[in-house]
Each structure stands twice: as structure tokens, then as C-alpha cells.
Amino acid sequence: MPFDSKVAGVSILAKVTHEQAAEVLTPEALQFIATLHRTFEPTRQALLQRRKDRQLQLDQGGLPDFLPETRHIREDPTWRAAKPAPGLADRRVEITGPVDRKMVINALNSGAATFMADFEDSTAPTFDNVVDGQRNLKDAIHQRISYTAPNGKQYNIRKDGKVATLLVRPRGWHLDEKHVLVDGQILSGSIFDFGLYFFHNARKSVEIGIGPYFYVPKMESHLEARLWNDIFNAAQDYIGLPRGTVRATALIETILGAFEMDEIIYELRDHSAGLNCGRWDYIFSFIKKLRQRPEYVLPDRSDISMTTPFMDAYVRLLIKTCHKRGVHAMGGMAAQIPIKNNEAANKAAMDKVRNDKLREVKAGHDGTWVAHPDLVKLAMAVFNEHMPQPNQLHVRREDVHVEAVDLLNTNVKGAITEAGIRANMSVSLMYMEAWLRGLGCVPIHNLMEDAATAEISRSQLWQWAKHQARTDAGVQVTAEYLLRVLDEETDKLAQSMGEQRFKASKVVEAKKHLATQITGEEYSDFLTSLLYNDIVEVEQIKARI
């Protein structure tokens, strides 16, 4: 029997537990997100169409550039964004991860300054994952969260007050929540994630002095930031909070967004908590947006580093822009995880993290990201040594002068290799298989991977096939060659898993989807959108999509 939302026009097509209904999917909360949908869905759809139109321009030979119509915003030195909110002045180490209950507790207890609870790239959005994630965050904000593991081990929030400040990343504008309809229309995943968290936790967050705070992902223009700002204002008005209570850090993780950093801060200025270098998604976006252009073919993923010219320019511009406007410039993710039973490999991995964080703090970043609790102390030590004060907003980087050509500079040392091709294929296949099982954050080859790495990997394979690139050994990369490599990597994975695990896995389904993305022909904008229908949980929904 379908769940009765008790709200006119709102249909929930998935199975709903008593706890989910009582704690998250309440009539009042559903009325709130329905109001946001009815008010802002036309704008969201117009912005998504604008993305398609912009991609067509790029495919036809256009290149990203700074907007002439917003020059006055970039060149006006007088405006500033909001001052840092309580709990956000010192963000030297942020830990990120999915919203499962154990992760939430461990992250809040990790010793990091802040925790970004992620409904986006670290979470496969099954209905249970996203709704139970909301329950977990509500229990965390209301200071009642605990967890008992299957082995009986108890997890609780530490009592010494040294708990990380919570920020929440909803899904991006392109993602839907197909289990919820409003007036027969599929709901935005962004509005579902933001709306439920805000409605249940905004007042309590203010009461305890830390929030409500957000990260907003994958924006491709300042107009998308304007939509978030309008939603923040509408949400605050709805429940009677003063405007400006919300804070949001915008991830600069698209090549188009990099040309509108000032404008994005400006649109969010009363709610802005700065910008973040979402560097892995940024590489993915660079490849995706320029994928039809042979001059932008990149070498192996391992050859693209933060010192690569287009990446270095992006980082320098972000720090300068943020500090000019009085907001935090957050560094990027260290995806390494501790390597057990191999001391030399573990030392090499930790040295990479240390050097990366040292580069960031010396460049002027105000904080950085880690993916594993064991890396918090390492990153904290680097920032404590070189940033004794809460942040580096005083580091103006007036030496930086970045032009459009710098953000598009692909003078990258490196080559396309068979090892790089196989690594991309393996990561894509393994991540997609895990995602289809409901896991969005997966340890692969001693790295904690989310969707961004798989996106880079499959996009490079597509790009190399499209432009018939050659490896350093002179082998031409064709669709046929890549499909043969996919077969071989699938066989390797099957052998490593064993017959029983392989049969219980989603490898066959993942291979089927990946095969459509590596021939240089069909290309889905996002893997998560490509795979989403496979995890939609009710047949009556599948009939609609």
C-alpha cells in the first residue's frame, strides 16, 4: 500500500518505515519541500537547459571565458561577503564522508574542525540511504546519536565538547529524487536533501551555535548560486529565521564555475562561507566540457597534479578571490587511507598527504579536506605549524594574475599508458559496481574513492577513444581496444572475487553501463544519473522513467 504523505499533491512511491515517517517524512516537512519545489522548480529546469545550451556552444568551438556582463562585480573592490559564522572561523581540517550512522559519529569525534556530511558523491541515493541519513543527522544535531555495531561495539558522541561543526552537502541541481512526486513532477534531489535537513535542524543548529551550514556542489554559473540564495531566503522566511543565518560554501568543481568565482560569492554574499577546490570533480569537468576538442586531450590521470598549469591557476585564483571578499578558501581532498601491513607503502602514502597539505597551507588556503579519520592529525599538524591563527584571510595573493588562457593551459607533462588505461577501467568498474549496491564511498587501491574519480576515469577513456589517441607504446586507443580491456579487467575482478562473491555482485550490470561510456560515442553527463534508475526501488517508479 502506498505511503500516505497526508500532504496534498505529494506522493512518496517508495516503501517508508514507521521511523522514517515519524522522524523525517512528516507532513510539515513534506509541505515545506513541496513549497520549495513549486516555487523554484521552473528556475531549476531553465538552468539545466542553460547547461545544455552552453555545452552545445563549447562543442561548436566556443571556449570558457570571464563574463563581460559581470565585469563590474569582479572589478569592484569594495564589496565583501558575510563574516565567518560561529564554528566556521577556524576550518583548518575538514573531514568528509557519507551519512551512515557510524560514519557520522566517527567523523564528529575525529578531531577535525568540521565534518561535511555528504548526500552527493559519497552517497548512493537509495531511498533508505538518503532518508536514514536525514535521521542520522537529525539525531546528531539534537545530540542523541548512538550506534551499536553487529559485534556489539558501542559508538557515541564524545563528551568533552570537541565535536566537529556539521556542514551538509545536498545533491547537485542535475540530480532528481525519483521516489517523491510533487503535483506529479519528480522532486529535485537538491531540494529534498536541503529541505528536510533545514526543516528539522535549522532552529536546533542555531540554538547550539553551529549552523545551519551547507556545501553546495557542481554549480556551472552564478545563476545557479543565485537559485541557492533564493532558496535560502525562502527557507529562512518560512520558518522565521533571520536571513543570513544559513551559511554555504560553494565547491568550485566545474571549469565554467572557475570563470565565475567572484560572481558566485556575490550571489551568495549574505550566506557565503567561501569556496572550496573540488579538484577531482574539477578535472572531470575540464575533460567533460572540452571533450570534443583534440587539443584538450590529457595524459594519464596520475600525471595530472595540483602543479599542472590549469590546476595551479585555478587554485591561485580561488585563494585570491576568496580573500579579496573576506571568505575562506578551502583546499582539496586527500583521498589516501592508511595502508595496513605494508609500512613502506603506508609511509609513502602519508608523505604524499603531508606534502599536499604543506603546499596548500603555504599557498594561502584556510583549511583542507581529508577522507579518513586517521589523516586528521597529520593534516592538523601541518596547518597548526604554518597557520597558528584561525585562518589566512589576510593573505591577499595580490601577486596573482590569472587569465582565461591560464585556466585552459593543458601543457601537462605525461603520457597515455596501458597501465593508466587499465587503472581507469578498473576504478570505473569497481566504483560503479559498489554504487549499484548502495555504496557511494569505496576504498579502491588504497584510496577512498567517491564518484569524482570514476567520472575522471571513464571520461578519459571516452576522450582517448573519441580522438584515437596513442599510448606511449604507439598503440591507438579505439573503442574496440577499450572494450577488450574492459573484458579483461572484468575477468580479473571476477577471479579476485571468487565465484560466490561475483554472482552476488553487480559487476555484470556495472560492465554493461561502462561499455556504453568508453567508445567515444555515447556520453552521459554524470555516472550517477546514468546509474540512478537501477537503484530506484519501486516498479511503479521505473514505469515512469
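The predictor's confidence in each residue is expressed as pLDDT, on a scale from 0 to 100. The structure is a predicted model, in which local features need pLDDT of at least 70 and side-chain atom pairs count only at pLDDT 80 or more, while totals for chains, interfaces and linings use all residues. Residues are numbered from 1 along each chain as its sequence is written, and side-chain values use heavy atoms, with hydrogens and water left out.

The average pLDDT of the protein is 96, and 98% of the residues score at least 70. Over residues 541–545 pLDDT stays under 50, and the model has 13 contacts (heavy atoms within 4.5 Å) for this stretch beyond four places in sequence. Where pLDDT is low, the predicted coordinates should not be read in detail.

Helices are DSSP runs (H or I, at least four residues) numbered from the N terminus. Helix H10 spans residues 279–289 and helix H11 residues 309–324; their axes come within 12 Å and cross at roughly 125 degrees. Axes are lines fitted to C-alpha atoms over the stretch in contact, with angles from 0 to 180 degrees between N-to-C directions. Arg279, Tyr282, Ile283 and Phe286 of H10 meet Phe310, Met311 and Tyr314 of H11.

Ser426 lies in helix H15, residues 418–436. With a relative accessible area of 13%, Ser426 is buried (under 20%, 1.4 Å probe, protein chains only). Apart from residues up to four places away in sequence, Ser426 touches His445 and Glu489.

Key
Helices (H or I, at least four residues) and strands (E, at least two) are DSSP runs, numbered from the N terminus. Buried means under 20% relative accessible area, exposed over 50%, partly exposed in between (1.4 Å probe, protein chains only).
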